Amino acid sequence: MPLPAANQRVRESFERAAASYDDAAVLQRQVCEALLANFAVDPPPLDLLDAGCGTGYGARLLRARWPQLQITAIDFAATMLAVARHDADVCLAADIQALPCQDESFAAWWSNLTVQWCAIDQVLGEARRVLRPGGRLALSTLGPDTFHELREAFKDVDRHRHTLTFSEPAAIGDALLRAGFAEIELQRQTVCLHYPDLKTLLRAIKEIGANSVGEGARNGLLGRSAWQRVQAAYEQHRTPAGLPARYDVILAYARK
């Protein structure tokens, strides 16, 4: 089944970013490590689905923790999946909203910074379907304070969307309940990365493929005067470490 146009644009962004992703994905690595550190599973899972595996950093961490773990990695960006093949037992090019997996196939379902690009109810419905009874879920996503400074800088310049719409933690918890999960645990933390200037900050976002924001995005470039206004507005947030890019990180855990 072909992807909807918005999903296709997201996939194309990540396809283009595969070569630069590992060097640029500082946030993704930090969040992945935090997600695993708080993922309490006893006994250890024998098999796991990595939903939206990217280049396989999560698979490498999971394998280091549980050497006998059988990992099925799924991503809709073939260029990402080509890199992840080195770290997973099975790699499938697919949409995590429609998994090509049988019911009750896995002891654990894992997803690091992927579900913000998806329809959350579809993703979690599929996650529950492929988990065996008692199976464990771990996911990370981004909350509404993500890119706060970026939205502030653009708000008086134009009315286009410059970021995704991110969910409140309570909305993630409610979605897990609707999907039928139990023992839901939500954690929230803020991660700030810093850059010397706004062009470098925006380039870093593009290098991880996170520059597709859906409907309402600007199609063309800003004019020189508008760009200078955005830069000046963002400078108001400068710290001794540089210009901040704020990420409102949500970690969620649950049991089927």
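What covers the buried residues of α3? That was my starting point today, working from a predicted model.

**Entry 1: helix α3**

I first looked up which residues of α3 (residues 57-65) are buried, and got Gly 58, Ala 59 and Leu 62. They span an arc of only 100° around the axis, so they sit on the same side of α3. Then I checked what lies over them: the cover includes α2 (26-37), β1, β2 (70-75) and β4. That answers my opening question, and it gave me two things to follow up, α2 and β4.

**Entry 2: α2 against α3**

I took the helix pair next. Two packed helices are described by the angle between their axes and the distance between the axes, so I looked up both. The axes of α2 and α3 come within 10 Å and cross at roughly 35°. I also noted the hand of this crossing, which is right-handed. On the α2 side, the contact is made by Arg 29, Cys 32, Glu 33 and Leu 36. On the α3 side I listed Tyr 57, Gly 58, Leu 61, Leu 62 and Arg 65. Gly 58 and Leu 62 were already in my notes as buried residues of α3.

**Entry 3: strand β4**

How many of the seven residues of β4 are buried? I got six, so I'm writing down β4 (residues 106-112) as mostly covered. Next I went through its strand partners. β1 (residues 47-51) pairs with β4 in the parallel sense, over three bridges. In that pairing I found Leu 48 opposite Ala 108 of β4. β5 (residues 131-142) also pairs with β4 in the parallel sense, over six bridges. There, Trp 109 stands opposite Leu 137 in β5. I then traced the chain from β4 to β5: it crosses through helix α5 (residues 120-130), and this β-α-β crossover is right-handed.

**Entry 4: Cys 101**

Is Cys 101 buried or exposed? Its relative accessibility is 13%, and the cut-off for buried is under 20%, so Cys 101 counts as buried. Leaving aside neighbours within four places in sequence, I have Cys 101 in contact with Leu 49, Ile 74, Leu 92, Phe 106, Arg 129 and Val 130.

Key. Residues are numbered from 1 along each chain as its sequence is written. This is a predicted model: local features need pLDDT of at least 70, side-chain atom pairs count only at pLDDT 80 or more; totals for chains, interfaces and linings use all residues. Side-chain values use heavy atoms; hydrogens and water are left out. Buried means under 20% relative accessible area, exposed over 50%, partly exposed in between (1.4 Å probe, protein chains only). Helices (H or I, at least four residues) and strands (E, at least two) are DSSP runs, numbered from the N terminus. Two strands pair if DSSP finds at least two bridges between them. A crossover is right-handed if, with the strands pointing away from the viewer, the path from the first strand over the helix to the second runs clockwise. The arc is that of the directions from the helix axis to the C-beta atoms. Contact means heavy atoms within 4.5 Å. Axes are lines fitted to C-alpha atoms, for helices over the stretch in contact, and angles run from 0 to 180 degrees between N-to-C directions. A crossing is left-handed if the near helix is turned anticlockwise from the far one by less than a right angle, and right-handed if clockwise.
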